[in-house]
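Dear colleague,

I am handing over the structure we spoke about, placed just below, and my notes on it follow. Please read them with the coordinates open beside you.

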Amino acid sequence: MIEKDFINDAEIWDILENAKNPEPQEIREIFAKSLEKVRLEPEETAKLLQLEDPELIEEMYSLARKIKEDVYGNRIVFFAPLYIGNKCVNNCLYCGFRKDNHLTKRRTLTMEELKEEVRILESHGHKRLILVYGEHPDYDADFMVKTIETVYNTKFGRGEIRRVNINAAPMTVEDYKKLKEIGIGTFQIFQETYHHKTYERLHPKGTLKHDYLWRLYGLDRAMEAGIDDVGIGALFGLYDWKFEVMGLLYHTIHLEETFGGIGPHTISFPRLEPALNTPYVENSSYKVSDEDFKKLVAIIRLSVPYTGMILTARESPEIRREVIPLGVSQIDAGSRIGIGGYKEAERGYIPEKEQFHLGDIRSLDEVIREICEMGCIPSFCTAGYRAGRTGDHFMALAKPGFVHKFCMPNAILTFKEYLLDYASPETRKVGEIAINKELEKFERTDPERKQLILNKLALIEEGQRDVYV
Ligand code: SAM
Ligand code: SF4
């Protein structure tokens, strides 16, 4: 494959410059296009990024909420990160795991320890994990396959992990194929920053991660290897946030153009967090304010209406409450990001083994309850890829009613399992009310579907598990 650099820094800055002071009429036309669920062009997204009129910004937030509701319904998919090992050959200036950080204790989970972590996560009710690895010869594709197999084979009571996603360094097509064979969900790679000079400075020469294009094309190789769901992301706070949103959009367009209209499955937009012995973070001049963070979430929602958006527990509960309705489709909860962090969770933070500090360390049960109180339905659904419906965002685009027919019923069914098997009495009460509200909606719009869901719910009540449509 010829790797043409599709990120042109000067062009992005030109487009942003030309988009300054947009006319309200232009903005309204862009809003109308988003409402039709059409992906925006860079010039259009740039105008949203340069928007400063408070009234139009409020309108943009309302629109983001509406698009989220139209495309995803009120489901929020839950997952948990699981850190496998923090050895790393790279020296990313912002990361607590960087090679030269001698205060970080290096550790890799043994298979026994991994099983223990998985059992704990299962005992909380998790069904979807993202496994996270440093970049190190110890963590080659064969090792990763072994860890993935171990996760799938570890069952605890009624618990099991049904979807393993991966966040790791870019690989070769041959190596991706090994992961594809064992069965993974999404493969995520964050470009960190799309700005070339900043990228090269933060990923020093002589390290593997220094190679911008190898990383930029990392997900192309994954798709070539047959992994249908890939996740892109930028680490906000390394460079200008407007530039990074443009980078994410160009990356999306590139994947769509290369793979017959199928863009990224998810977009992540983590903000830089303090990490042990990592002064770069405190000194960064590009930190993103809460106000700008809110804007960027809404602008991503409007720019790529069909792509899943992931908000992590790096953010505080307050921020999560505020931005989830603006377009987020997946969150993690009850998360620990130290190696062996779930077992040691009772001790709170274990900074010497963590990559960075988490903003939201509430339990899964607590977050689930809050999500219900916000009028949403938590989902642990993993049916999509196991039923061969990969690229389900694409299916949603291609087939009207897809979300209503499959995703919403499966959200209800997997949530019911959670309520019966893991929820506290208080959460169960709030959760049952939320399910009933959804069933009432089905009663009004599609009574046949409602009956189907009721039949499946009865099976779950009788003790069957992994029931989906
Ligand atoms: N080592 C692999 C890599 O760098 O691609 C994958 C795992 S790395 C542990 C996962 C992500 O954590 C990185 O892609 C980066 O965006 C994010 N990260 C690193 N340092 C961070 C920090 N201080 N605050 C927030 N996120 C950070
Ligand atoms: Fe290593 Fe990833 Fe951290 Fe960079 S971000 S130092 S590659 S773990």
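A residue is called buried here when its relative accessible area is under 20%, exposed when it is over 50%, and partly exposed in between, using a 1.4 Å probe and protein chains only. By that rule, buried residues make up 62% of the 469 residues in the protein chain. This is a predicted model, in which local features need pLDDT of at least 70 and side-chain atom pairs count only at pLDDT 80 or more, whereas totals for chains, interfaces and linings use all residues. Residues are numbered from 1 along each chain as its sequence is written, chains are lettered from A and ligands numbered from 1 in the order in which they are written, and side-chain values use heavy atoms, with hydrogens and water left out.

On the overall fold, the protein chain has 20 helices and 9 strands, these being DSSP runs (H or I of at least four residues for helices, E of at least two for strands) numbered from the N terminus. The C-alpha trace spans about 60 × 55 × 40 Å along its principal axes. Taking contact to mean heavy atoms within 4.5 Å, 75% of the contacts between residues at least 6 apart in sequence join residues at least 24 apart.

Helix α18, residues 402-421, reaches 28 Å from its first C-alpha to its last, close to the 28 Å expected at 1.5 Å a residue, where the expected span is 1.5 Å times one less than the number of residues. This helix is mostly covered, since 15 of its 20 residues are buried.

Q330 is found in strand β8, residues 330-332, and is buried, with a relative accessible area of 8%. Leaving aside residues up to four places away in sequence, Q330 touches V77, F79, R128, T266, M309, I310 and L311.

Ligand 2 is surrounded by C88, N90, C92, C95, F97, R98, G134 and K209, each having a heavy atom within 4 Å of the ligand.

Two backbone angles deserve a look. Most residues other than glycine have a negative phi. K37, however, has a phi near 60°; K37 lies in the loop between α2 (24-35) and α3 (42-49) and counts as buried at 18% relative accessibility. D466 also has a phi near 60°, but D466 lies in the segment after α20 (447-461) and counts as partly exposed, at 25% relative accessibility.

With best wishes
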